[in-house]
Amino acid sequence: MEAAAPQPDLDSLLTACLSNNTEAIKAAEAALKRLTTSPTLMPDLLARAAGHPSPEVRQLSAVLLRKTVTKHWTKLADVDRAHMQAALLERLGAEPSHPVRRSLAQLVGVVARHDVPRGAWPTLLPWLGQAAGSAEAGHREVALGLLASLAEHVGDHLAPHLADLTRLVGAALRDPHPDVRRQAVAAMEPLGGLAAAGGGPAVEAFHGLVATLLEMAAAAHARSPPDEETLVPVLQLTVELCEASAPLLGKHLPGVVTLALAVGTDPRCELSTREAALEVIHWVSRFKPKQLGRNKDLVRQIVTALCAMAGEPNPPDLDPEDDGTLPPSKLATQALDAVALHLPPPSVFPAVMAFAREALASPQPPHREAALTALAVIFEGCAEPLRKRLKDVMPLLLAGLRDPEAGVRGAAAFALGMAAEFLQPEIVEYYKEVLPLLFPLMAEGNPDLCERTCYALDTFCEALEGAEIVPYLQQLVTGLNAVLSCTGPAVQELALSALASVVAAAGKEFEPYMAAILPALSHFMTSSQPSLLPCRCRATEAAGLLYEGMGAGNGELRALVPKLMELGLQGFTLDSSELREYGHGMFACIAKAVGAEFTPYLEHVVPRALSSLAQDDGLFGGDDEGEEDDEDEDEDDEDAEDTRRAQQLSIRTGVLDEKCAACAALGLFAQACPAAFLPFVEPTLEALIKHPGGLFRYFHEEVRVQACEAAARLVIAVHAACPPPPGAAGAASLTPQTRHVLDATAKELVRALEDPDPAVMTASIQALGSLVKQLGAGALGAETLHALALAAAAVFKGDAPCQATFDDEDDDGADEEDEEGGAAAAEEELLAAAAECLPSLAAAAGPDAYAPAFASLHLPAMLGRLKGGTPADLRGVVVGGVAEVAEVLKAHMAPHLPALLPPLLKELRSSEPTNRQNAAFAVGVLGEGCGAAALGANLPKVLQALFPLFAATETAGVRDNALGCVGRLLTAEGGAAGLPLEQVLPVFLGALPLKEDLKEAPPVYGALCALVTGDQAQRIAPLVPQVVAAFGAAAVQQPPLPATVVAGVARTLAGLTQAYPGHMQPLVTSLPAEQRAALEAAAAAAPA
């Protein structure tokens, strides 16, 4: 090779790169970067990689040479390349340092990437085979390392030799020298990639390697102490193989899991080794759930072993301040969480329940704590079966809250928080038992216990409604205020979050307690200490929720607006994306509450919201160093490559949430102050629709959802601020200002109907539906209406682009009846949006115009959803949609009754209360709109299906809708005359009063009034006393009926008493005095 010009400073540059002097390192790196732009440095780097006395310099030289080879190898003459090939192989065989050998092997791999495809390195594979058969363990180790590098760089050219290479690695796994065995483990991952690409026989041959690997690993584990230096790479390898596209673990998957479980639960091993082992169980559960789930005995063994490990004490040398090292109990519960999330619940929860019952009876507090923590972590994955078994679960949790040990009580509080988060809505029924047991825990002064108690209160109260939480408000406010005054920031943050949930749940009922929390909110909202910023965020959130729940009717709250606005605006001077997010939220809540009075603040809040939308979101890719540097990056080791790719896709999620809040706030500002917002319409519109960079085209679906919602509010606000002249209709009903905004946003909303994300399509349907409802069909135009109608039909058919994601969801390991999660909820919301837009289309277009479209486009698709195979919750949504359309179309539904009634009758008998409730409502609306006679021969079947819904054991909402259904049938044309009143009415009256769905009051009590005053009065004369009693109860019932309904009942009863005093007066007089007074007052207040 032709000698290059000497580089007198190369050694000093290399030494400087390895020093601790930052400035010297930067200068040396810059100089080396300049030198490596030419191939002339390669001989000197090779000389130092091969012969420098310092292993660190040899390794750095090999790394730099690899980068230089990447750029300049093809510029060398053939003789120079051959010289370097020989020198590299010679040094690789002689190098004593492991790190240097690794770098040299990587260098050989890069050279091979250039020369092997050209057949220009014929000595490479023979050298590899010779080294692998050497009597020297070091040579065998080098051969395995080189094989791994070659498989990574020129794997395609090794494929013809795959069988030989597989045998070579198999022999190395049995090698007597541990370093050779470990290097064989390292070679298996790239070799697995070659096997996966080869398919069939290659994969089968690789399974033989896995069997040998497991034998070797079992022997390493059996040693005393265990050979963890071997076990860790084996465990890491199995994780990689688990993710492979081909079944590289095959029939050995149970053996892999068994090994991982044995190591993970072995106290002899280091915690880091045990963590690596349990990571295997996590990844197998995630990527191979069907295969693992079929082995039910093994799953039970896993669950049982993890439960036992959850009660294992911490090793004495565990540093409690070391956040990077988790105790055994935490490792176990994390793994149990993963198993519960991905494997079939029937294989998981019975073993955990059995463990919990037994461990809670243990005299050892750690065992009782483990019982409750194990329950807590399976609530998400096993939610469906555990919701149905709360009567077995709740006694365990309540017993934990009464435990004498604070740690156990804390675990019970944590478990209740998890239950409240994942076992909705059934868990809420236990609030009367849970809340009184949580209150004392706040007063104990134990920070850990306080923290977990606040979490439980937060999640529990979030699910409660006003009437349920009111009796506990005093204790909640007092207890949380006490926590805020005597704990640290972490607990205070949770207490403020719980307080926000209490405020949201109580709504207007929180007014008497508002003064008690305002000092705490003010204290945290004025703090600028970094440690208290999360608390300031939660306090800002709670302040906004006060306005959300109570509106501006409270004088004290209205008077606080200037101060809270000032504090919120001050928060924008701090560098906190989360605080800006909650600031936007608070501003929006205040704007909704005070309406046009918010106008003076628009000039302050709108620019800040627009600034949040315009800020850098953290997306970036690559650097500005040019293509050569990109090539350098490509040659870095695997960890560096993964880091680079992660950086290219990095998202600052705090900024994402801030953008969502800012976008929502802009829509609400426009809604609150339509006229005053006009100067801000154009910049807001630009932020939404500009391309590129507009929110409608944003990469993340949550922002696109907010863009849809804000766009609809913006259009409606402009329409309110710029109203059309009186009497304008159709296209003329929009002013030019509204038309401009509508055309721009409608185009994007229609585009969003094809969005690949279901939440975005849901939001676009809802936004267009609200515009149709507010502006009318003529304003939107035929093209937009047609797009919306087609989108709704596509959703019902399951053909919308976003619904492909539901088919792609990985449901491995769970039977259909056990599938729960985000995809199911997303499809339910999508269907609900499609169903809810149909009445708007029908009302806007008019029943006559919409009926043919419904018959041809929407009804067939909806009927398809009502067939077997559709989940019950989705059928319930469709039935509700049919009912809402029928309310508008009325008699136009008559031709469809033969097709609709059979599935509706089936839903009346559904095991799901929502389906029975919606079906009862739908049948009643159909009968009311089409006439009872239209039901024909189906009428007896309807009554028969409705009868069980009147039982006292039926849920209140279902029973109320059954009452409404019969009420509508009674008042339908020909209804009362065609019904067996003598049998129907006693059951009807026996199910009163309404308890939950008070919207059914008009048809229910309207039917009774019509019966006692109509032509069927004689038939029901024997039941008049019960009718009068029902009228009296209606006047005073709680929750109260609408005033118009009570007035109608009172007028009817007064009229009957005046007409038939002899019969009616005694019945009225027999009513309780409270009922008589209420009826008299309602009759007197009713208009004539």
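The questions and answers below cover domains, annotations, helices, bonds and cores in this structure.

Visitor: What kind of model is this, and how are its residues numbered?
Guide: This is a predicted model, where local features need pLDDT of at least 70, side-chain atom pairs count only at pLDDT 80 or more, and totals for chains, interfaces and linings use all residues. Side-chain values use heavy atoms, with hydrogens and water left out, and residues are numbered from 1 along each chain as its sequence is written.

Visitor: Into which domains is the chain divided, and how many Å apart are the C-alpha centres of domain 1 and domain 3?
Guide: The bounds come from an automatic or database domain assignment. Domain 1 takes in 576-620 + 651-723 + 733-802 + 825-845, domain 2 is 859-991 and domain 3 is 1013-1087. Between the C-alpha centres of domain 1 and domain 3 the distance is 49 Å.

Visitor: Where does UniProt place the domain "Importin N-terminal", and what is the helix content there?
Guide: The UniProt record, an unreviewed entry, puts "domain: Importin N-terminal" at residues 28-94. UniProt positions are given in the numbering used here, feature names are shortened, and annotations may be inferred rather than shown by experiment.

Visitor: What is the reach of helix 22 from its first C-alpha to its last?
Guide: Helices (H or I, at least four residues) and strands (E, at least two) are DSSP runs, numbered from the N terminus. The expected span of a helix is 1.5 Å times one less than its number of residues. Helix 22 (residues 390-401) has 12 residues, and close to the expected 16 Å, its reach is 16 Å.

Visitor: Which helices are included in what covers the buried residues of helix 22?
Guide: Buried means under 20% relative accessible area, exposed over 50%, and partly exposed in between (1.4 Å probe, protein chains only). The buried residues of helix 22 include Leu390, Val393, Met394 and Leu401. Their cover includes helix 19, helix 20, helix 21, helix 23 and helix 24.

Visitor: What is the phi of Lys890?
Guide: Most residues other than glycine have a negative phi. Lys890 is in the loop between helix 48 and helix 49, and is partly exposed at 48% relative accessibility. Although Lys890 is not a glycine, its phi is positive, about 50°.

Visitor: How many disulfides does the structure hold?
Guide: A disulfide is a pair of cysteine sulfur atoms within 2.5 Å. For Cys242 the nearest cysteine sulfur, that of Cys382, is 20 Å away; Cys242 is buried at 2% relative accessibility. For Cys837 the nearest is that of Cys802, 13 Å away. The number of disulfides is zero.

Visitor: In the largest nonpolar core, which residues touch the most other members?
Guide: A nonpolar core is a set of buried Ala, Val, Leu, Ile, Met, Phe, Trp, Tyr and Cys residues joined through side-chain atoms within 4.5 Å. The largest has 396 residues, and its largest share, 11 residues, comes from helix 40 (residues 701-721). The residues touching the most other members are Val169, Phe510, Phe598, Phe669 and Tyr1005.

Visitor: Is Val154 buried or exposed, and which residues does Val154 touch?
Guide: Val154 lies in the loop between helix 8 and helix 9, and with a relative accessible area of 4% it is buried. Contact means heavy atoms within 4.5 Å. Val154 and Pro117 are 37 residues apart in sequence and 7.7 Å apart in space, C-alpha to C-alpha. Not counting residues up to four places away in sequence, Val154 touches Ala112, Arg113, Val116 and Pro117.
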